[in-house]
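Please read them with the structure open alongside.

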Amino acid sequence: MNDRFNGEYFLKRFKGKKIMFIGDSLSLNIWQSLICMLHAAVPNSRIIKQGLNNNTISAVTFQDYKISVMLFHSLYLVDVDEERIGRVLKLNSMRNGDHWKNNDVLVFNTWLWWYRRGLKQQWDYVNDEGRITKDIDRMTAFRTALTTWAKWVDSDVDTNRTKVIFQGISPSHYNGTEWNEPGVRNCFKEMEPFNGSSAYPVGLPEAAYVVKDVISNIKKPVHLLDITALSQLRKDGHPSSYNAFKGMDCTHWCVAGLTDTWNQLLYAALLS
């Protein structure tokens, strides 16, 4: 068996297993891609799609193989609770872990929503170790939340049974200076990947280093799906204006497209 993606082999190898993606719309992106890749391999296979756990989980089951590929929507991994003062982001609390830990493969992702402010911010206050504040340094908050997740992996996940993967930071393309085109403000009309003999001009985002640092301190085995650098090159891979929101989307990725490459890497990691 070589390392190229083989959907039928994947389905047979993981027969009876449950694979769960946990995170924001970039988890949706890779989840949709994997389902399309598997379905393309077995187009006549019986498939059911259902909402589980009060529709917080979307599940697609390939019935002939009894394998479920699930998506749990979570923007921050840690909890956001509705309290008397408003919505409180709790950096040290992760109650949804009980819905996650008994699956066979867990693929986590968070980052996209940490710097959002105004109407897009999904919380009103932050609780860090019992201290409630109106705001906090966002990178510090991200690191604290990831550390909460890391401690949960060490304390609650049986990695002899469950493979844990963190889907690395996915870059966006709204600033042409990053790829040597100053003045370009988005990915519209980008038709080619970044063509540089050297690395991407601005290097990795700070969040990618935070992820690597937190994962390096986890005692149990966690695999980083290290997609950041290769995705930075794909300024041409976004929906741009061709999306349902009628806006400019240089954050998510076309399916089929780059997310298939992410799944190729996921496939290699799961079979190793």
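1. Six bridges join β2 to strand β3 (residues 57–62), and the two run antiparallel; strands are taken as paired if DSSP finds at least two bridges between them. Helices (H or I, at least four residues) and strands (E, at least two) are DSSP runs, numbered from the N terminus.

2. The model is predicted, so local features need pLDDT of at least 70 and side-chain atom pairs count only at pLDDT 80 or more, while totals for chains, interfaces and linings use all residues. Residues are numbered from 1 along each chain as its sequence is written, and side-chain values use heavy atoms, with hydrogens and water left out.

3. The strands β2-β3-β4-β1-β7-β10-β11, in that order, form an open sheet of seven strands with mixed pairing. Its edge strands, each pairing on one side only, are β2 (47–52) and β11 (222–225). From one strand to the next the twist averages 20°, where axes are lines fitted to C-alpha atoms, for helices over the stretch in contact, and angles run from 0 to 180 degrees between N-to-C directions.

4. Which strands pair with β1 in the parallel sense? One is strand β4 (residues 67–73), joined to β1 over six bridges, with histidine 73 of β4 as the bridge partner of glycine 23. Another is β7, which runs parallel to β1 and is joined to it by four bridges; here methionine 20 stands opposite leucine 106 in β7. Five of the six residues of β1 are buried, so this strand is largely enclosed by the rest of the structure; buried means under 20% relative accessible area, exposed over 50%, and partly exposed in between (1.4 Å probe, protein chains only).

5. Helix α7 (residues 258–271) lies across β1 (18–23), β7 (105–108), β10 and β11, and runs at about 155° to β10.

6. Helix α7 also meets helix α2 (residues 25–41): their axes come within 9 Å and cross at roughly 75°. The two helices are therefore roughly perpendicular to each other, the range for that term being 65 to 115 degrees, with angles under 35 roughly parallel, over 145 roughly antiparallel and the rest oblique. On the α2 side the residues are Leu26, Asn29, Ile30, Ser33, Leu34 and Met37, which meet Thr259, Asp260, Trp262 and Asn263 in α7.

7. Serine 231, placed in helix α6 (residues 228–232), is buried, with a relative accessible area of 0%. Leaving aside neighbours within four places in sequence, serine 231 is in contact (heavy atoms within 4.5 Å) with Pro171, His173, Trp253, Leu258 and Trp262.

8. Beyond neighbours within four places in sequence, lysine 220 is in contact with Val153, Asp154, Val157 and Thr159. Lysine 220 and serine 155 are 65 residues apart in sequence and 9.3 Å apart in space, C-alpha to C-alpha.
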